[in-house]
Amino acid sequence: MMDGDQLIFLGTGGGRFSMITQTRQTGGIRILGPHNIQIDPGPGSIVYSNKLGLDPRKVDSLLVSHCHPDHDNDAEVYVEAMTEGGTRRRGVLIAPEGVYQGNSVCEPRISSYHRSMLDRLVKAAPGTTVDLDSVQVKAVKARHEDPDAVGFRVKLPSGDVGYTSDTEYFDGIEEQFAGVDVLVMCVLRPRGAPVRGHLCTDDAVKILGEVKPSLCVMTGFGIRMIYANPDLEAQFIHEVSGVKTIAARDNMRLKLDERREQRSLRMFLE
Ligand SMILES: [Zn+2]
């Protein structure tokens, strides 16, 4: 069906007002490869997935980074899809403690009823590594309002993909993504507009001063970022950091070609 692995952005919005207004979709990211992985299904994810002809019943691995609705809202719906409405025990959920049990800032985000449908539940804390045959998922630290929030690294046959999820800048964030081929960063705010718990353009430049992926993809745009124009922010980051950077678009498909030419991954945008 396809060559190599693909990342499909079912959404590029982040934060309350992007989510409420759906100025940008909030469907998270689908990874198609040896596994069918859904990361952070915010509101509308199930709708956008079906609209693109991506059957949510084929998802076998659900990764939820933290308990905020723009990242976890459709998680239970995916569990129902993955398990044929709960009739077939199937699939793995990889998520931090708060998503399962709740914590100081949130209630459990996936009911025990839905948890019982899945084949495998993995509690993800920074450093947790999960082997899914030819794909490896590793949770990394994020510093966000949800104290249990994590980011992920997903090692695919055609490349290593990092995903910051929602986090603010902290010492050591770069080391966690050392060696990734593609770094997906949730950059809520534009230049000169930092905010607690999130990355802005200036933070992205700082991170790319250390991490040197073949490609950086920005996503998780808040309203202020959208007004500032994410394409212009990406261009700025590219110029200052020297790392090829693009702003994801809703429904964008990124192919990680297996045909490596020297060290550089070839990326195809559709
Ligand atoms: Zn969040």
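Me: What makes S11 and S13 a pair of strands, and how many bridges join S11 to S13?

Reply: Five bridges join S11 to S13, and the two run parallel. Leu-183 stands opposite Cys-216 in S13. Strands here are DSSP runs (E, at least two residues) and helices are runs of H or I with at least four, numbered from the N terminus. The model is predicted: local features need pLDDT of at least 70, side-chain atom pairs count only at pLDDT 80 or more, and totals for chains, interfaces and linings use all residues. Residues are numbered from 1 along each chain as its sequence is written.

Me: Which other strands pair with S11, and in what sense?

Reply: Strand S10 (residues 159-163) pairs with S11 in the parallel sense over three bridges, and Tyr-163 stands opposite Val-184 in S11. S12 and S11 also pair in the parallel sense, over two bridges, with Leu-199 in S12 as the bridge partner of Val-187.

Me: Why is S11 called largely enclosed?

Reply: A residue is buried if 20 or more other C-beta atoms, placed from the backbone, lie within 10 Å of its own, exposed if 12 or fewer, and partly exposed in between. Eight of the eight residues of S11 are buried, so S11 is largely enclosed by the rest of the structure.

Me: Which residues of helix H8 are buried, and how do you know where they lie around the axis?

Reply: In H8 (residues 201-208), the buried residues are Thr-201, Asp-203, Ala-204, Ile-207 and Leu-208. They cover an arc (of the directions from the helix axis to the C-beta atoms) of only 155°, and therefore lie on the same side of H8.

Key:
Pairing = 2+ DSSP bridges.
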